[in-house]
Amino acid sequence: MPAPLPSLPTSIVGSLPQPEWLIDREKLAHQFPPRVRARELWRVAPEFLAEAQDDATLLAIRAQEEAGLDILTDGEIRRESYSNHFATALDGIDLDIPGTVINRSGKPIPVPRVAGDLARRRPIQAADVRFLRAHTDRTVKITVPGPFTMAQQSQNDHYADDRALALAYADVVRAEIADLFAAGADIVQIDEPWLQARPDVARKYGAEAVTRAVEGAPGPVHLHLCFGYAVMVAERPEGYSFLSELADTPVDTVSVETAQSHLDPATLRPLRGKGVALGVLDLSTPEVETAEVIADRVRRALDDVDVEKLVLSSDCGLKYLPRASAEGKMRSLARAAEIVRAEL
């Protein structure tokens, strides 16, 4: 069993930079995160890829430990994007003939095409959790794309309407969450950036889909809500368009970004009673913030959240940063937590 977490535990949202010897980072940086498979990104031959991904995942685990983080992820090293690893592994998806949707920047992109009933033949990420659990004695978190986001990132050629599609995704996510906890996860995080990107649609059935996916989970589930990767989406609105709606869902903690967006922490007050994973690392720049700069970002939110349920985190995934920058930012985050803990 992992040791009890300290106050203000530290973590990243999920992803870390993949090594250049593993994936073509230049190609990765010049396309939106793929929704369908993008095997051409990997530099390693298919017969050696799984072993190489394991080796790189070990590096990601050690980097988080050496930085001093309290809650560790696998760095999402085995994934081409945060969502396609899971979404393309489901039955009911036509991998040969993809669909098309308009992405968050208004561009048409290829996406999974839902041509039949969505189902899992087996757990998709349980082996990833077991690998992570076997290689650290710290609290571990695994991430999975959320049902609303996957529904928005797919072309529906099967279900009666998009609500029915989102609820079908919720059913497979709920089953996956149970298997992830059974495999050793301490925390499961669902990634739901499209709740923010499409709030009008989200208000119709977003909270319903999240509730259906999370209700009855065997452990704490975090929900990550963000404005998109900084390298892809530079402009940040002043506030979230879908946030208070999550107050009545069964998620344990809501993960938000405040560093790059300069989010007014008063925005978080409707979430009192829930945990907040406060994004305090600005990922729009490779510059490594000092611990004191990060501590100031934490201090400004302390009056607006339940401090005993506060987690300190990154704004979004660190996937697109140089590795040295990601490691430096994680170290500063851990030191900032020590500074603020001493003041409480």
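Two strands count as paired if DSSP finds at least two bridges between them, and strands themselves are DSSP runs (E, at least two residues), just as helices are runs of H or I with at least four, numbered from the N terminus. You're looking at a predicted model, where local features need pLDDT of at least 70, side-chain atom pairs count only at pLDDT 80 or more, and totals for chains, interfaces and linings use all residues. Residues are numbered from 1 along each chain as its sequence is written, and side-chain values use heavy atoms, with hydrogens and water left out.

Start by selecting 275–279 and 310–313. These are strands 9 and 10, running parallel and joined by four bridges. Zoom in on alanine 277: across from it in strand 10 sits valine 311.

Next, pick up the open sheet, three strands in the order 2-3-5 with mixed pairing. Strand 2 (91–102) and strand 5 (155–156) are at the edges with a single partner strand each, so one side of each has no neighbour in the sheet. Select 108–119 for strand 3, which runs parallel to strand 5 through two bridges. Valine 114 has asparagine 156 of strand 5 as its bridge partner.

Last stop: the crossing of helix 9 and helix 10, at 291–299 and 323–343. Among the residues in contact there are Ile294 and Val298 of helix 9 and Leu333 and Ile339 of helix 10.

How values were computed. Axes fitted to C-alpha atoms, helices over the stretch in contact; angles between N-to-C directions. Contact = heavy atoms within 4.5 Å.
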